[in-house]
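Here is a brief report on one protein model. It begins with a single helix and then widens out.

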Amino acid sequence: MSAPTLQTVMDLIDGRTDELVALTQDLIRFPTINPPGEAYRPCAEYIGERLKTRGFTVEYVRGEGSPGDSDQYPRTNVIARWTGSEPGPCVHFNSHIDVVEVGAGWTVDPFGGEVKDGKVYGRGACDMKGGLAASIIAVEALIDSGLPLPGALEISGTVDEESGGYGGVAYLAERGWFSEPRVNHVIIPEPLNVDRVCIGHRGVWWAEIETKGRIAHGSMPFLGDSAIRHMGAVMEEFESKLYPAMAARHSDMPVVPEGARQSTMNINSIHGGQAEGFDGLPAPCVADSSRMVIDRRFLIEETLEDVKGEVKAILDGLAAQRHGFRYEMRDLFQVAPSMADRDGPVASTTAAAIETVLGKKAQFVCSPGTYDQKHIDRIGKLKDCIAYGPGVLDLAHQPDEWVGIDDMTNSAKVMARAAYDLLTRKRS
Ligand SMILES: [Zn+2]
C-alpha cells in the first residue's frame, strides 16, 4: 500500500457521501429551535458520542446562568478534540446547533431531513447543520486517511447563536476555549456559499429613543405636548440628515449583498400613545411618550462612539431648537465590526483550497449581519477566524430551507485541505 496523500483524504470524502447525507439528516431531526432552546442536549450528545468513538476527547459545557438556561432548556455545548502525533497548532471548526423557528409556508416536514434532487431539506439544513456535518466528515476523513497530522483538530457544536451566542461561543470564549495557545485557527461553517471566504461582519447598535410629552385632553391638545409629534421631528431629521450621511459612507469591507456595503439603519418599531391592542373605547389623550427602536449597522471604518454620537447630536439639536423637546436614549445591544486579515493563515489557506477543489478563484466577503466570530475575536482575542461553509446564504431562515449535497461534499474537501495546510504549514 502506498503512503497516504491528500488525494487519499479527497477519495475518502467522495466515498462517504451517503454518510454525510445521513449525518445531516440526523442533525436536522433534532428540533433545536431557539427560542426556547429545544433538544440542545440530545443533539450535543449525538455529536459527542459519534466523535468519542473516533478517538476524540469530548467535553460538555453548559452555559449555566446564561439567558434562557434552565433545567428544562439547558444550554449544552459540546467540544471534541483529537490530538495528533506531535505538537502543533489547533484548527477548530465551530458550528451552532440552534435553528430559528419554523414559520409558515413549508411543503416538507421541517424536521424530517427529506432528500430530493440532490438536496437535503429541513430547518437548519443550510444554517447550519449541513456545514456542521461537512466539517465532521472532513475531519474524520483526515484522521482516517493515516496522513501524519501534528497538532490538534477540534469540532464544537454550540448553542444560541441565533439569539446572540451568550450561552454558547461567548460563554466558552470567556472561559478560554477560543484563545491561544489552545486554539489557533477557527473556521465557522456558516452558509456563505461554497466558493466564498467570509472574513468578518459589520457592527451592530440597537437602541431605543423615547421622546417625552405632556398628557392633556385630546380636544385641547394645545394644553399638552405630543410626544408623537416630537418623534415625527426626529424622523424628519433622520430623513434629511442621517440617511443621506449614511448612504455616502462606503466601506472597504467586501460586504455582500452590495447594498450593505454602506452604513444602514432600520427603524425596527415606533410606538406612541395608547398601547397597541387596546380594545376599550379610545381615550382622548395627548401622548406623553413615544418610543422608537433603531437597528443601526455600521462599518469597520466607523466607531461605535461616532455612530452613537451622530444620533445623539441630532437629538440634542432638536432639544436646542424645538420647544418642549425632551428625550432619552437607551442602548439595547451592540457588537463591534470584525474582520480577519485576508492574507492571514486561515483565510488564505481556505481560499487556496477552494481554488484547488472547485477550480475557481475564491471570493472574499463580509456578512451584513453578525455571527459568532465577534465573540472569538473580542472575547477570545483570536483574530484568525473566518466563516466558510456550504449552503446559500439567502435560504437561511426561509421555508423549505435546503442544502445541496454536492456543495457539502465540496466544502468538506475544502475544509479538509485547509485544515491540513494549517496543521502542517511552516510557521513564521
Ligand atoms: Zn447560522
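## Helix 6

Helix 6 bends by about 45 degrees at Phe238. The model is a predicted one. Helix 6 spans residues 227–247, 21 residues in total. From its first C-alpha to its last it reaches 28 Å, close to the 30 Å expected at 1.5 Å a residue.

Which residues of helix 6 are buried? They are Ala227, His230, Met231, Val234, Phe238 and Met246. An α-helix has 3.6 residues a turn, so residues three or four places apart point the same way. Several elements cover the buried residues of helix 6, including strand 9 (203–212), strand 10 (264–272) and strand 11 (289–298). Helix 7 (304–321) is also part of that cover.

## Strand 8

Is strand 8 enclosed or open? Six of the six residues of this strand (residues 196–201) are buried, so it is largely enclosed by the rest of the structure.

Strand 8 pairs with strand 14 (residues 363–367) in the parallel sense, over five bridges. Here Arg196 stands opposite Gln363 of strand 14. Strand 8 also pairs with strand 13 (residues 338–339), in the antiparallel sense and over two bridges. In that pairing His201 stands opposite Ser338 of strand 13. Strands of a sheet pair through backbone hydrogen bonds, either parallel or antiparallel.

Three strands make an open sheet, in the order 4-5-16, with antiparallel pairing. Strand 4 (115–116) and strand 16 (402–404) are the edge strands, and each pairs on one side only. Strand 5 (residues 119–121) is joined to strand 16 by three bridges. Val120 stands opposite Val403 in strand 16.

Helix 4 (residues 125–144) packs on this sheet. It touches strand 5 and strand 16. The direction of helix 4 makes about 45 degrees with that of strand 16.

## The whole protein

How many helices and strands does the protein have? The secondary structure comes to ten helices and 16 strands. The radius of gyration is 25 Å, close to the 22 Å that the globule rule gives for 428 residues, so the protein is as compact as a globular protein of that length. Along the principal axes, the C-alpha atoms fill a box of roughly 95 × 45 × 40 Å.

Buried residues make up 48% of the 428 residues. Of the contacts with a separation of 6 or more, 80% are between residues 24 or more positions apart.

Conventions:
Residues are numbered from 1 along each chain as its sequence is written. This is a predicted model: local features need pLDDT of at least 70, side-chain atom pairs count only at pLDDT 80 or more; totals for chains, interfaces and linings use all residues. Two strands pair if DSSP finds at least two bridges between them. Helices (H or I, at least four residues) and strands (E, at least two) are DSSP runs, numbered from the N terminus. Two residues are in contact if their C-beta atoms, placed from the backbone, lie within 7 Å. Axes are lines fitted to C-alpha atoms, for helices over the stretch in contact, and angles run from 0 to 180 degrees between N-to-C directions. The expected span of a helix is 1.5 Å times one less than its number of residues. The bend at a residue is the angle between axes fitted to the seven residues ending there and the seven starting there. A residue is buried if 20 or more other C-beta atoms lie within 10 Å of its own, exposed if 12 or fewer, and partly exposed in between; C-beta atoms are placed from the backbone. The radius of gyration is taken over C-alpha atoms; the globule rule is 2.2 Å times the number of residues to the power 0.38.
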